[in-house]
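This report goes through one protein model, from its overall form to a few single residues. Please keep the sequence and coordinates at hand while reading.

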Amino acid sequence: MHSFTKILGRGLLAAALLGGVSSAALAETVFNRGNGAEPETLDVHKSTGVPESFIQMDLFEGLLTSDAKGKPVPGAAESWTVSDDGLTYTFKIRQNAKWSDGSPLTAADFVFSWERLIDPKTASDYAYFLDQVVNAKDIRQGKKPLTDLGVKAVDDHTFEVKLLAPTPYFLSMLVHHSTYPISKANYEKFGDDFVKPGNMVSNGAFMLAEAVPQSHVKVVKNPNFYDAANVKIDTVMFFATEDQNAELQRFKAGEIDATYDIPPQQIKQLQSSDASETRLAPYFGTHFYAYNLTHEPWKSTPELRQALSLAIDRDVITGKIMNAGEIPAYTFVPPGTDNFNGWAPDDSKLSQADRDAKAKELLAKAGYGPDKPLDVELIYNTSQLHKNVAVAIAAMWKQKLNVNASLINLEWKTFLDTRDKKDFKDITRHGWIGDYNDANNFLELERCDIGEQSTSAYCNPKFDELMDKAARESDLTKRAQILQDAEKVMIADAPIIPFAFYASKHMVSSHVKGWEDNVQDYHLSRWVTVER
């Protein structure tokens, strides 16, 4: 237990003894969570990372939310209807939905928030997320005014959305933080400073109490949340913990109830010594490296991009370096994705020796070899796992292709900014966790017009044409084939190097009840409790 909770607990006990009040009735339930990197921002329309999203899921709630098993369920909207043509969604906002300051949550807040998300002035990396809404894409590209967005507050409790085409994954998108509402009145009062403690009002199960850089974010139970009576946690402490070994030690000392990750070299031992608290599960995401296609030689030399990809022994990376249930990846879209036909590239069916031989041929074709060795810079964010993987891949490139890789470690915020703005020289570590269970959420990152979320500044009109065709196709079987065709085009161009499909890894104390492993790795604090 974190030290401040011990002190608080002693104070409550003393008060109970003096005042004759039951200490059990006053005891505060605190959930201490490791949360990876320092949050980039708590602004739901501007953040991009997983650590931020875990906090935002506690503070805010979209039209839909996630249940304990990671499935979309009614959130701020208690119900919705869909028109026969699949183009109009009408959401009924809960009558008792309120902001943490007690003011009512209204459909107008959603209109304001969605307009802010796609407003070019906001410069949101997730502005493209609403592209299926009428006029959204033209608005974010500065071609139409915000007022043309296909959303409307019919009345205080009715929010209407018009889509360009039937979108089978639309409802599952609404669990994502970029679609969450912020209070229009509060934003008009504080502007972008609405995210600061003391300013922020939120509509989720918790409220922001503290945000201490490089230390923690503290959230406390929101008494105005419509389901507050069933929220068992009083306080959640999110601790910034980039050092996985230090985080594990804090878990073992009882200071953290659930870790963000597990040091890869410790997983086997922990599975043996602490099996019931070691939680490994499939995770809907892909580890990959991305080339900077704004730079040469990457921009115009696909043979070079393919060579480096082929030389990576994915079985070694997943089985000996990661070693926690990850699966070798040769494609971008994870296996088991809804309404998608998984496939295997021809190169994945070769032996590693044959892939290595082909890599050497392609490297020579690109103009590199013993007389002209290739030097590359590879950036990655602070993480023992990412470091171990980078060291192993650099060694493979050196041994097989005589490629010299310089490894550069960046802290989280700097890494995100460098990666997204394409300020790195050659190659960046990347990873994508699906925001909703559909292949579109992965493949759309490779579109020409996606903005800073583009993994590599990749642009192939043939790929975009297929993605546009898939967006117009309502037959799920035909759509699945079109999306597969699009991925085949992209994988052949090799703007990225997928090498592993994720597995989630957490240590979860036996005191924590209600934590459900799930493929989205969503664990809202409202669904758990801590029994000490």
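## Overall form

The model is predicted. The protein contains 17 helices and 18 strands. Its radius of gyration is 24 Å, which agrees with the value near 24 Å that a compact globule of 532 residues would have. The C-alpha trace spans about 85 × 55 × 40 Å along the principal axes.

Of contacts between residues at least 6 apart in sequence, 69% join residues at least 24 apart.

## Burial, surface and charge

Buried residues account for 56% of the 532 residues. The accessible surface of the protein is about 21,000 Å², and carbon and sulfur atoms supply 51% of that area.

There are 57 positive and 73 negative side chains. The centres of these two sets lie 1 Å apart.

## Annotated region

UniProt lists residues 71-444 under "domain: Solute-binding protein family", in an unreviewed entry.

## A buried loop threonine

Thr 331 sits in the loop between strand S12 (327-328) and helix H12 (352-365). Its relative accessibility is 6%, and because buried means under 20%, Thr 331 counts as buried.

Leaving aside neighbours within four places in sequence, the contacts of Thr 331 include Thr 286, Trp 343 and Pro 345. Glu 487, Ile 491, Pro 498 and Phe 501 are also in contact with Thr 331.

## Backbone exceptions

Most peptide bonds are trans, and most residues other than glycine have a negative phi. The peptide bond that joins Glu 296 and Pro 297 is cis, with omega about 5°. Pro 297 is in the loop between strand S11 (278-291) and helix H10 (302-310).

Lys 422 is not a glycine, yet has a positive phi of about 60°. Lys 422 belongs to the loop between helix H14 (412-420) and strand S15 (427-433). With a relative accessible area of 11%, Lys 422 is buried.

Ala 457 also has a positive phi, near 65°, in a residue other than glycine. The loop that holds Ala 457 runs between helix H15 (440-443) and helix H16 (461-472). Is Ala 457 buried or partly exposed? At 31% relative accessibility, Ala 457 counts as partly exposed, because that class lies between the 20% and 50% limits.

Definitions and conventions
Residues numbered from 1 in each chain as written. Predicted model: local features only at pLDDT ≥ 70, side-chain atom pairs only at ≥ 80, totals over all residues. Heavy atoms only, no water. Helix = DSSP H or I, 4+ residues; strand = E, 2+ residues; numbered from the N terminus. Rg over C-alpha atoms; globule rule 2.2 N^0.38 Å. Buried < 20%, exposed > 50% of the residue type's maximum accessible area, 1.4 Å probe, protein only. Contact = heavy atoms within 4.5 Å. Areas by Shrake-Rupley, 256 points an atom, 1.4 Å probe, with all protein chains shown as cover. Lys, Arg positive; Asp, Glu negative; His and termini not counted. Charge placed at Lys NZ, Arg CZ, Asp CG, Glu CD. UniProt positions renumbered as here; feature names shortened; annotations may be inferred.
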